[in-house]
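Thanks for coming, everyone. Please take a look at the structure before I walk you through it.

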Amino acid sequence: MPEGHKTHYLAREHNRRYAGERLEVSSPQGRFSEGANAVSGHVLESVRASGKHLFYEFEGNRIVHIHLGRYGSYAEQTSPPEPPVGQVRLRMVSQTLTLDLRGPSQCRLIDRETQQSVLDSLGPDPLDGGDRAEVWAAISKSSKPIGGLLLEQAVVAGVGNIFRAEVLFEIGLDPRLPGAKLSKIQFNELWKSLVKMMKLGLKHGRIITVTAKEAGKPLKDLEDHERFRVYGKALCPRCDANIVVESIASRKMHWCPGCQIGSQSAGQEC
Ligand SMILES: [Zn+2]
């Protein structure tokens, strides 16, 4: 599932290529025909990301709200486009480019008020200057495991299954540790690591958590299976122990019981 780095990356790219243009919008598959008609022929003013949500803001208070969910993906081609192939929910055509969206979990027409209610439901977004203190306030009073809290979009927006595993591995923290047991020092390390990883993901358009030194090659040359330290791995790259796969907050969490302890120093500083 695309995490926050991806939505911000898409917003930046789509802003650059489509904003300011009068777009021809349709729903070849038919499931978004009414919404598409409402914005077709209107100027796309901007594209904005918050957490895992994308907003295509058209003139006249008309916003297309997208959540890619697990299967949503975009494909681009030059205009005029070829006839649509497969289940294209949304097609946006500019003078030069055509963008097709398939398989989103959400694609709907909303107004500013509804957009604001979506934004209000989200916690701080590390890629959008999100307030670290607000995230700490939510985590430090919760008895839920930190591995689960990181997936709650109302706690922190944009973090998914890969970032949560990789961040907790980097700082050596047991994902089962209740939020309230984290020390402020541990939380600060977590936040720093998260912001760094998400920014790197935004830069490259994909999540990369290894360093070039660890990988033995430039980051841009990494194969998909070389990008992570612990997610989807069988052995820990630090201690060679078997990686544990455990369900936390109903999603598979990869972690190393040898390296991720972290509870000893908890509570030393408040
Ligand atoms: Zn280990």
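Across the interface of domain 1 and domain 2, how many residue pairs are in polar contact? The rule finds 3, with both residues at pLDDT 80 or more. A polar contact here is a pair of N or O atoms within 3.5 Å; within protein, one must be able to donate a hydrogen and the other to accept it, and residues adjacent in sequence count only if both atoms are side-chain atoms.

A word on the ground rules. This is a predicted model, where local features need pLDDT of at least 70, side-chain atom pairs count only at pLDDT 80 or more, and totals for chains, interfaces and linings use all residues. Residues are numbered from 1 along each chain as its sequence is written, and side-chain values use heavy atoms, with hydrogens and water left out.

Now the layout. Domain 1 covers 4-121 and domain 2 covers 126-255; these bounds come from an automatic or database domain assignment. Their C-alpha centres lie 29 Å apart.

Next, the interface. 11 residues of domain 1 are in contact with 17 residues of domain 2, contact being heavy atoms within 4.5 Å. About 1000 Å² is buried between the domains, and carbon and sulfur atoms give 58% of that. Buried area is the accessible area (1.4 Å probe) that two parts lose on being put together, summed over both. On the domain 1 side, H5, H8 and K52 lose the most area, together 49% of what that side buries.

What about salt bridges (a side-chain nitrogen of Lys or Arg within 4 Å of a carboxyl oxygen of Asp or Glu)? The count between the two domains is 0. Helix α1 (residues 4-18) gives the most to the domain 1 side, with 6 residues. Helices (H or I, at least four residues) and strands (E, at least two) are DSSP runs, numbered from the N terminus.

Two local details to finish. A cis peptide bond joins S79 and P80, with omega about -5°. P80 sits in the loop between β5 (73-78) and β6 (88-93). D240 has a positive phi, near 70°, and is not a glycine. Its loop runs between α8 (212-215) and β9 (244-248).
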